[in-house]
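Grab the coordinates and a pencil. These exercises walk through a ligand and the space around it, one step at a time.

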Amino acid sequence: MGFREALFQGLAPDGGLYLPETIPYLEPDFFTSDLSYSECAVCMIHPFTKDDLSKTQLTDICESAFDYPIPIKELNDTDSVMELFHGPTLAFKDFAARFMARTMSHFIENQNQTLTILVATSGDTGSAVANGFFGVDGIRVIILYPSKRVSTIQEKQLTTLGGNITAIEIDGSFDDCQRLVKSAFQDKDLRQKLSLSSANSINIARLLPQSIYYAWAWNQSRETGPIIVSVPSGNFGNLTAGLLANRMGIPMEKIIASTNANDVFPKYLHTGNVEKRDAIATISNAMDVGIPSNLDRIQNLFHEDVNQVKIDISSWSFTDDQTKEMIRNIKMEYDYLIDPHTAVGILGLERYRRETNSKSKGVVLSTAHPGKFADVVEPIIGEKISLPNPLQMAMEKEKVSTKMSSKYSDLKEFLMIG
Ligand SMILES: *Cc1c(COP(=O)(O)O)cnc(C)c1O
């Protein structure tokens, strides 16, 4: 099984998630050297893709995918925020979506069957994937999103592109959308008819590009010792990418999984049990996930031993009230505006410091631009946020979506006809 096959299959035939057989170890010296971001990406990704992509091909892909800035905002001597939202859809999902779109498009050149990308989104994945694949020949993208559970701006970003992008509005939760995607992948009948691929964080090609910025955080921190990274987490793709980066050699004191009220993971660290739960709606809606699908991967990486997991990862859950207060505090103390997901990340780092008294450098992954969540953030700070240009343009367009129940038979019918 090579990279190319895992990229297109998404899910293994037994329903399991792909993980690299071996994770290459790069010496920390490598990560402190004077590399550009895309050079760093090529070095880290090449060991996984070398059978399918030459170094030159990979370099072209990385240079074109990661062509926007990644500023690091220092809040104080120890804490900083890495802004991962300067891509076209203003959330960190652009890193993975742009990389995937370019690799897939490279592989399907000169093939005549249309590839259908099926993706469930809690908000940001859908727009990043839609944007990454928009206008790519030979690919159509079907996005499933939970009706009324994404922000106004997110919905506009999902539903206004047109062309090879179709948005389906599901009468249900994100978990319903995710279940529908899984059902489609396990439907042999459907898969005979359609060439189907996923772009969710279940796809291993999403994880590789997301491990690069952990290396970048360490590189830019000019630290010699390990750093703390706090990751606002929902489906735990981002966090799993951090674990890969750690195994590749990025020194980490702790990786913090910061969650909203959807607290299956922190509970799992506490009790060792995974309690199935429906998603709860919160103001950090891109993290409203009941059962994180990358939990299987995390457990596998630690040989199903929760005590091993706890050595590398700490995790806490935070309420909407705490999140709002953090947005207000950061605005007042640093005159810096953050979105609700980033606020959850900062809460996690703060909590870790309180519990451990650690003074190591801490980096919070800032996953979205606050303007994407203006309907939540504006009332909290009592000010208007000026929207960056791409958001303003999406807001002015007409929404086009197909409404659908959460029954798989409805989705199947739609896909078979389309
Ligand atoms: C998707 C998303 C997350 C959660 O990332 P996972 O990889 O699913 O854990 C956090 N914040 C924002 C803004 C997102 O879009």
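This is a predicted model: local features need pLDDT of at least 70, side-chain atom pairs count only at pLDDT 80 or more; totals for chains, interfaces and linings use all residues.

**Exercise 1.** Find which residues come nearest to the ligand, and sort the shell around it by class.

*Solution.* Now sort the shell by class, and you get 6 nonpolar, 7 polar and 2 charged residues.

**Exercise 2.** Work out which atoms of Lys93, Gly234 and Thr367 pair up with the ligand.

*Solution.* Take the ligand's oxygen atoms to begin with. A side-chain N or O atom of Lys93 is 2.6 Å from a ligand oxygen, while Gly234 uses a polar backbone atom, 2.8 Å from an oxygen of the ligand. Then switch to nitrogen: a ligand nitrogen has a polar side-chain atom of Thr367 at 2.8 Å. As for cover, the ligand on its own has 380 Å² of accessible area, and the protein covers 98% of that.

**Exercise 3.** Where does the ligand sit, and what lines that space?

*Solution.* Step one: the ligand sits in the largest cavity, which holds about 260 Å³ of space. Step two: 25 residues line this cavity, and Phe92, Lys93, Gly234, Asn235 and Ala286 are the closest to its centre. Step three: look at the helices. H6 (124-133), H10 (204-221) and H11 (237-248) each supply at least two lining residues, with H11 giving the most, 3 residues. Step four: by class, the lining splits into 9 nonpolar, 13 polar and 3 charged residues.

Note on methods
Residues are numbered from 1 along each chain as its sequence is written. Side-chain values use heavy atoms; hydrogens and water are left out. On a 1 Å grid over the protein atoms alone, a cavity is a set of points where a 1.4 Å probe fits but cannot get out, and a pocket is an open set with protein on both sides within 12 Å along at least five of seven lines; lining residues have an atom within 4 Å of a point. Grid points are joined across faces, edges and corners, and a volume is the space filled by probe spheres set on the points. Helices (H or I, at least four residues) and strands (E, at least two) are DSSP runs, numbered from the N terminus. Ala, Val, Leu, Ile, Met, Phe, Trp, Tyr, Cys and Pro count as nonpolar, Asp, Glu, Lys and Arg as charged, and the others, Gly among them, as polar. A polar contact is a pair of N or O atoms within 3.5 Å; within protein, one must be able to donate a hydrogen and the other to accept it, and residues adjacent in sequence count only if both atoms are side-chain atoms. Accessible areas come from the Shrake-Rupley method with a 1.4 Å probe; for residues, only the protein chains shown count as cover. A molecule sits in a cavity or pocket if more than half of its atoms lie within 2 Å of its grid points.
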